[in-house]
Amino acid sequence: MPTTPTPSPTPSTAIPTAAAPGAWPDLVSAALLGAERRTPPVAVRDGQTPAAALLDAAAVGTVRRRSALRPAPAAERPAPAPADPRPPLPPAARRRLALLLADRAPGSGSRRGTDPDLTELLPQWLAAADGRGYRAPEALLPALLDAARSRTDLRPTALALAGPRGLWLARLNDDWRFALRGIGGPLSLPGADAPEAVRRLWEEGLFAERVALLTSLRRRDPRAGLALLAATWATERAEDRLMFLDSLGEALTPSDEPFLEQALSDRSRNVRTTAAELLSALPGSALAARMAERSLVCVRLARPAPGDATATEVLVVDPPGACDAGMQRDGVAPQPPSGRGERAWWLGQLVEATPLDRWPGRLGGRSPAELVALPVAGDWRTELHDAWCRAAVRQRHADWARALLGAPGNPGQAAAELAPAGSSRDLTKLLTVLPDDERAGWVSEFIAVHGLADAFRMLGVCAVPWSEPLGRAVVDALDIARDAGSYPWSFSGVMGLAERCLDPAAADRLQMLTAVTDEPEGASPGSGGYWSEAFQRLVGTLRLRAAMHAELAGEAP
Amino acid sequence: MSPHGERWTRDRVLALAPDEASRAAGGRLAAAGRWSGTGAGGGAVWGMCEGGDGTRYGTVVDLDGPAFQCSCPSRKFPCKHTLGLLLRWAGDEAGEPARPGDGPAAGGQPPPWAAGWLATRRERADRPPGGAGAGGPGADGSEADGAGAAAPSRAPADPEAARRRAARRMQRIAAGATELEQRLEDLLHSGLAAAGPAAGAASRTGADDPGGGRGSWEETAARMVDAQAPGLASRVRELAAIAASGPDWPSRLLEECALLHLLNQGFLGIDRLPPPLAATVRARVGLTTDAADVRSDPETVTIRDRWLVLAQRDGAEGPLTTRRIFLRGERTGRMALHRSFGGAHRPLEVSLPPGLLLDADLAYYPGARPLRVALGERYAPAAPGPVPTGCGIDAALAAYGHALRDDPWLDAWPVVLADVTPIPGGAGGGWQLADADGESALPLDPRCLGRPALWQLAAISGGAPVTVFGECGHRGFLPLTVWDPAPVSLSP
């Protein structure tokens with residue numbers, strides 16, 4: 001057997017003494033059968049049972065076998081791992097990574113107390129290390145790959161850190177196959193210099209590999225990616241066509257228009273709808289122009305009656321009366337969901353697909369903010385504004401998003417005003433259209449006025465680490481919540497976000513909140529102690545994060 | 001022993017941790033605000049830590065040694081509280097505390113609960129090593145082996161009574177060995193097939209069943225415990241597992257039965273053996289020798305060298321934690337193994353991370369192939385050492401073979417392999433370490449298959465030759481440490 005040391009052949013010719021053992025296999029079969037059934041092939045001394053003589057011989061045989069072990073023939077060696085010229089991690093950062101990986105296993109499941117949650121720090125560490133150009137410590141690669149295996153969100157950063165040595169290792173272990181699929185990064189995908197390999201992978205690869213290939217190619221060269229997709233488009237299955245089409249959205253260019261325009265006639269309704277959606281995100285597209293033509297006539301500006309001095313101009317909405325074949329071809333769904341009028345439903349879809357920049361021209365040259373502020377006749381305000389919101393998200397239009405979001409800091413403007421009843425408006429999505437600073441500023445004002453109750457998703461789209469005003473707003477709101485006497489776990493979502501996203505520099509300011517305070521009148525029993533604990537954990541986590549960043553920068557021991 | 005006035009680095013603290021999980025837990029505790037009454041001074045650090053359930057544990061560290069004491073029930077040693085405390089105290093490279101203000105402040109006086117332990121410990125340490133007798137070894141083979149600290153002298157109250165007790169124990173073991181011999185002969189008489197995996201049902205038929213079913217082996221093992229021969233008992237228990245160990249079990253069972261037979265015969269004829277071999281037989285049967293006796297025995301071979309720590313590995317043995325530390329002398333090239341035992345209320349006192357170089361006396365336990373040592377005097381603080389030199393695969397197998405000539409019961413012999421390339425096993429195949437010439441290879445011990453250690457080994461190698469320390473034996477090679485070029489302890 002190649003897997004165990006092979007004993008050298010026992011010399012069968014020169015058995016030196018009477019007590020010498022027979023060949024080992026003979027001894028084993030004699031032992032299996034038993035001395036009572038077959039006389040063992042060994043010499044028996046006087047006064048000794050055959051069984052004892054067999055044991056004697058086996059003892060000599062055992063030691064002889066073990067002391068004469070020979071090397072096994074070497075199996076095929078793995079090809080050497082490609083060199084990774086990146087520098088190693090600073091020692092402290094290496095230790096930190098080892099700690100975070102060792103602590104990956106789910107904890108005791110008990111109350112967290114004041115200890116920082118290291119599991120949640122691993123993604124942060126990986127994100128912070130990403131782009132610094134370090135290579136992973138070789139000894140930690142197995143743990144790193146295991147971590148990436150169980151958490152797909154870690155894969156891109158973990159695999160980038162693991163680098164070529166990580167991929168080399170992953171080829172040897174089926175558990176780490178995921179690393180080779182290129183979902184985490186472009187490492188294993190053929191590059192622009194290998195068009196033949198690209199084509200082969202596109203034609204023969206698994207679905208996930210093909211999506212990854214298309215996505216990475218589109219990022220480098222949108223035209224080449226589109227050409228790849230167009231080559232096989234006719235033969236793809238409908239659900240695959242949908243996914244491929246969807247992946248074009250990340251890097252949409254005007255040159256994609258003819259292809260998308262063609263897809264408007266696709267057999268699959270979902271594909272048609274997606275194509276229309278993508279075209280409407282291209283403000284210069286023919287589809288967008290057609291949609292504008294249909295929607296602009298539905299909204300007009302009405303002058304106030306000459307005699308009425310107090311009246312202002314109003315927007316008057318006259319929704320379309322029918323959903324014709326042309327509209328349907330451009331992706332308008334004719335059937336409204338139950339409970340909605342069909343004319344309102346058609347209007348919403350038209351406005352959503354209309355380039356927002358066309359509205360000021362149609363409506364007296366007013367700015368987006370002025371248009372949003374105008375009263376709307378009838379019950380159409382919510383419908384119109386919701387459609388504008390969707391359009392702003394789709395077209396990434398910051399001016400309109402800003403206008404539609406308004407001023408969160410105005411206490412007169414209640415949350416209900418921002419998202420009135422019956423509205424499908426998604427403020428968080430609108431926020432993502434704003435630049436980072438402005439978004440954080442808006443959310444911090446929102447929290448200052450409205451508290452944390454509705455802020456969780458908004459906080460989730462703010463850039464990490466949180467800006468100073470945003471961090472201050474969150475901490476102040478938490479402090480207010482404590483004074484109100486509720487339990488901290490009512491805010492565990494925000495607390496968790498704060499641990500991950502607050503700027504570590506806020507730790508010193510938070511330190512004073514860790515003291516156990518007198519519970520206010522009417523507070524939930526024991527809440528003071530729990531708040532103190534929660535703040536301690538927050539401070540501890542922030543300090544750990546600060547240490548992590550310093551270590552990665554090579555500033556700490 | 002040198003005074004330790006300086007603040008330790010975090011690295012030095014983390015190197016003490018018995019495993020990664022402890023490191024992580026210690027790191028967490030260090031960052032948490034659960035500490036009170038922390039302080040440092042006079043070569044010691046102390047503090048109280050509140051556990052998850054509100055219990056407060058007192059932790060104190062004597063930096064000289066170092067030695068640890070914590071009132072928590074953890075079997076890890078040092079425990080997470082100790083590590084957390086030391087991490088809070090540990091400084092950065094500039095010697096500043098990691099957390100000014102809330103780390104243990106220097107220059108303090110230990111509180112009474114800490115001072116008591118420190119005083120007792122230092123009083124013990126001040127005595128010269130090698131006093132007669134030793135504190136509390138049990139039948140489990142443990143020893144109170146402090147870092148160069150002998151236990152308080154305890155002269156036998158009545159040497160004559162002690163001699164009689166020892167003679168009585170020898171008789172009981174001899175009776176046990178005789179009984180075991182009969183058991184083995186019966187087994188070989190009726191055949192190993194009766195002990196095979198299919199024999200489980202048959203073995204329940206009664207105590208006179210000559211077969212080797214698991215139940216009857218357990219019973220025999222219990223008889224050996226009664227005979228005060230724990231070494232025989234544990235070998236008997238291993239026999240029970242072999243029958244279920246997969247293909248080729250008859251060969252392995254015959255090997256182990258034969259070696260057990262050899263041990264019984266050795267013990268029964270111990271008076272006729274040369275003294276070193278007799279000592280080996282005594283130790284294998286389960287008769288322990290106290291570290292203090294080893295140190296004080298004039299016959300003991302004590303060697304001063306600069307010893308490179310090759311591996312430190314903790315394992316569980318019943319309720320005890322066993323720690324094995326492998327060392328090799330820089331000048332003499334001799335291998336040494338330091339074993340210590342810890343339990344819930346008896347912490348392991350020696351911690352030597354791989355890579356350290358230790359200028360010290362090591363006293364070899366008697367034996368035909370001496371390996372186990374007691375720590376004697378240390379002449380300098382441990383310092384980082386070099387990557388060890390190593391041998392090839394032929395030499396490693398030969399080293400094991402030579403060692404077997406002296407001690408046939410050895411399962412493996414520690415060796416450093418240089419320039420070997422790990423070859424991962426394919427589906428179901430075994431792993432190997434291939435020699436530099438690419439022709440010959442050493443299979444890895446199947447017991448380490450499926451463990452992270454193997455993948456760490458492969459990752460560090462990257463297909464290139466590495467230096468590996470481990471145990472080379474009849475089951476294959478069990479890797480313990482690899483150099484990259486810093487020593488990396490492979491996960492157990």
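**Where chain A meets chain B**

In this predicted model, strand 3 (72-73) of chain A and strand 13 (residues 440-443) of chain B run antiparallel and are joined by two bridges. Strands here are DSSP runs (E, at least two residues), helices are runs of H or I with at least four residues, and both are numbered from the N terminus; two strands pair if DSSP finds at least two bridges between them. Within this pairing, A:Pro73 stands opposite B:Ser440.

The contact (heavy atoms within 4.5 Å) draws on 64 residues of chain A and 69 residues of chain B. About 5,500 Å² is buried between the two chains, and carbon and sulfur atoms give 63% of that area. Buried area is the accessible area (1.4 Å probe) that two parts lose on being put together, summed over both. On the side of chain A, the residues losing the most area to chain B are A:Leu55, A:Arg66 and A:Arg77, together 15% of what that side buries.

Charged side chains also meet here. Five salt bridges (a side-chain nitrogen of Lys or Arg within 4 Å of a carboxyl oxygen of Asp or Glu) are counted between chain A and chain B. One of these links A:Arg70 with B:Asp394, at 3.7 Å from N to O. Several elements of chain A each supply at least two residues to the side that touches chain B, including helix 1 (24-33), helix 2 (50-67) and helix 27 (527-552). Helix 2 gives the largest share, 12 residues.

Residues are numbered from 1 along each chain as its sequence is written, and chains are lettered from A in the order in which they are written. Local features need pLDDT of at least 70, side-chain atom pairs count only at pLDDT 80 or more, totals for chains, interfaces and linings use all residues, and side-chain values use heavy atoms, leaving out hydrogens and water.
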